[in-house]
Amino acid sequence: MNKNSQKYELKNKITPTIKKLIENKNIHEDPICLQFIANQQELNVSIEEIDDPIGDDKYSKVKGIIHRYPDRALIIPKNDCLVTCRFCFRKWKLPEVNTELSEDEIKNAIEYIKQDHKIWEVVLTGGEPLATSNHKLALIINLLNKIDHVGVIRIHSRLPIVAPEKITQELIETLNKEKPVYIVIHCNHSKEITLEVENGCKMFTNSGIPLLSQTALLKGINNKTEVLEQLFRKLIINKVKPYYLHHADLVPGTQHFRTSIREGQELMKALRGTLSGICQPTYVLDIPNGYGKVPIGPSYINSDSNNNIIITDYKGGEHEYPPK
Ligand SMILES: *Cc1c(COP(=O)(O)O)cnc(C)c1O
């Protein structure tokens, strides 16, 4: 429940790349404008919206670490972002100034990971983790590379979309050391994938860094079968595997962006029939208050009174399958 402890102020933050992309566009219709240009509707906070929608605060263990699942820990090297996406669950908490962890704080955060042998994956997120200064990013990666129980490093980033010119060989060399690094890019519409973005993605994939994507399902921006189809195909063509389609979080003042879960399921159902399996993300909900992410369907499986399994095919036909 929202305690109204927060004062909500509308302030745009965009990059030169996004500025160029939205020039001469209709701010009430263009899918990029709608994502980045503040709107009065954001001041309408509804009763079900929550200040800390996915329960990050509860799982913040030491400064810079969020640890919810036993095998995965987040590290946030930088709290500020290059842009303010109007639907972002950290939107109201994004600092305007540069807020990198200090070297001591980084060492402290990594020490936490080192002490817990169950942590197999470390996820750098933010803010914008790839905008962290090169020497601190190098410090993080090098320290993680020394921890035996860490199997993989994952980075969630919007930089390849909003500032593709910042993808440099130096950045790639900093990341691409011993442990495998996966990058999950945040992308919500095919119009975000410009030639510069495609070239940036190519720099990562050519150096052997696998790319995945996550998309927020957003009313008025991508809640159409054709729009999602085009987006996921374009990602696959650029060697980016669609990973998650996120149901929009209960962020204060984002009601105008949220679809119903039923609508999301209908979209996924439509995609199942028309879109290659490798283009399909998993539709997930981050359960409010920190209970984790789960797939939310649609479900193709039911049972009848004899305990037989009833499977629905992509056209809606039903088929019986034995219980074992
Ligand atoms: C999303 C998230 C993860 C990663 O979840 P996956 O399902 O593995 O992508 C890990 N920790 C926290 C706190 C998260 O919010």
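A pocket here is an open set of points on a 1 Å grid over the protein atoms alone, with protein on both sides within 12 Å along at least five of seven lines; lining residues have an atom within 4 Å of a point. Its volume is the space filled by probe spheres set on the points, which are joined across faces, edges and corners.

Before you click: this is a predicted model, where local features need pLDDT of at least 70, side-chain atom pairs count only at pLDDT 80 or more, and totals for chains, interfaces and linings use all residues. Residues are numbered from 1 along each chain as its sequence is written, and side-chain values use heavy atoms, with hydrogens and water left out.

**Stop 1: the largest pocket**

Start with the largest pocket, which holds about 950 Å³ of space. Select Phe89, Thr125, His156, His186 and Gln214: of the 46 lining residues, these are the closest to the pocket's centre.

Next, colour the strands (DSSP E runs of at least two residues, numbered from the N terminus, as are helices, which are H or I runs of at least four). β1 (65-69), β2 (72-78), β3 (121-126), β4 (152-157), β6 (211-217) and β7 (240-247) each put at least two residues into the lining. By class, the lining has 21 nonpolar, 14 polar and 11 charged residues. Asp, Glu, Lys and Arg count as charged; Ala, Val, Leu, Ile, Met, Phe, Trp, Tyr, Cys and Pro as nonpolar; the others, Gly among them, as polar.

**Stop 2: the ligand**

Now show the ligand. Where does the ligand sit? The ligand takes up space in the largest pocket (more than half of its atoms lie within 2 Å of the pocket's grid points).

Zoom in on the polar contacts (pairs of N or O atoms within 3.5 Å). Tyr244 has a side-chain N or O atom 2.6 Å from an oxygen of the ligand. Alone, the ligand exposes 390 Å², and the protein buries 90% of that (Shrake-Rupley accessible areas, 1.4 Å probe).

**Stop 3**

Most peptide bonds are trans, and most residues other than glycine have a negative phi. Select Gly126 and Gly127, joined by a cis peptide bond with omega of about 10°; Gly127 is in the loop between β3 and α4 (134-145). Another cis bond joins Gly297 and Pro298, with omega of about 5°. Pro298 lies in the loop between β9 (292-295) and β10 (301-303). Finish at Lys239, whose phi is positive, near 60°, in the loop between α8 (225-237) and β7.

Definitions and conventions
1 Å grid on protein atoms, 1.4 Å probe; cavity = no way out; pocket = protein on both sides within 12 Å on 5 of 7 lines; lining within 4 Å. Polar contact = N/O pair within 3.5 Å; in protein donor to acceptor, adjacent residues only side chain to side chain.
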